[in-house]
Amino acid sequence: MTKFRIVHDRPNCIACGACAAVSKNWTLETEDGLADPVRDVIDESELAENQEAAEVCPVFIISVNKIED
Ligand code: SF4
């Protein structure tokens, strides 16, 4: 099954919460308020919601990259 890797430029996160609002794979940490992916390797069943998280991020720090077989 095709897998995808989430890449997140965490130091540039502005803690807006947009990613977590559209994807259950994103959560805001209680300690510093910044976002983290729950899983950084996902399969196709989670692809759409993580791509949406990347699209709604106002500072464009999320990318979803196919892992080559
Ligand atoms: S949408 Fe982007 S800037 Fe906002 S919390 Fe998520 S990763 Fe951080």
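**Close-up views of a predicted chain**

**View 1. Surface and overall dimensions of the chain.** Residues are numbered from 1 along each chain as its sequence is written, and side-chain values use heavy atoms, with hydrogens and water left out. Along the principal axes, the C-alpha atoms fill a box of roughly 35 × 20 × 20 Å. The radius of gyration is 11 Å, which agrees with the value near 11 Å for a compact globule of 69 residues; this radius is taken over C-alpha atoms, and the globule rule is 2.2 Å times the number of residues to the power 0.38. Of the 69 residues, 38% are buried (buried: under 20% relative accessible area; exposed: over 50%; partly exposed: in between; 1.4 Å probe, protein chains only).

**View 2. Order of the elements.** The chain holds 2 helices and 5 strands, in the order β-α-β-β-β-α-β from the N terminus. Helices (H or I, at least four residues) and strands (E, at least two) are DSSP runs, numbered from the N terminus. Among contacts between residues at least 6 apart in sequence, 65% join residues at least 24 apart; contact means heavy atoms within 4.5 Å.

**View 3. Strand β1 and its two partners.** Strand β1 spans residues 3-8. Its covered face carries Phe 4, Ile 6 and His 8, and its uncovered face Lys 3, Arg 5 and Val 7. β1 runs antiparallel to β4 (residues 41-43), joined by 3 bridges, and antiparallel to β5 (residues 62-67) over 6 bridges. Two strands pair if DSSP finds at least two bridges between them. Lys 3 has a bridge partner on either strand: Asp 43 in β4 and Ile 67 in β5. In the segment before β1 sits Thr 2, which counts as buried because its relative accessibility is 18%. Leaving aside residues up to four places away in sequence, Thr 2 touches Ile 42, Asp 43, Glu 44 and Lys 66.

**View 4. Buried residues of helix α2.** Helix α2 covers residues 47-56, and its buried residues are Leu 47, Glu 49, Asn 50, Ala 53 and Ala 54. Their cover includes β1, α1 (18-22), β2 (26-28), β4 and β5.

View 5. Not counting residues up to four places away in sequence, Val 38 touches Lys 24, Asn 25, Trp 26 and Thr 27. Its C-alpha atom is 15 Å from that of Asp 9, which is 29 residues apart from Val 38 along the chain.

**View 6. Two loop residues with positive phi.** Most residues other than glycine have a negative phi. Ala 15 has a positive phi of about 60° and lies in the loop between β1 and α1. At 32% relative accessibility, Ala 15 counts as partly exposed. Phe 60, with a phi of about 55°, lies in the loop between α2 and β5. Phe 60 is exposed, its relative accessible area being 66%.

Technical notes
Predicted model: local features only at pLDDT ≥ 70, side-chain atom pairs only at ≥ 80, totals over all residues.
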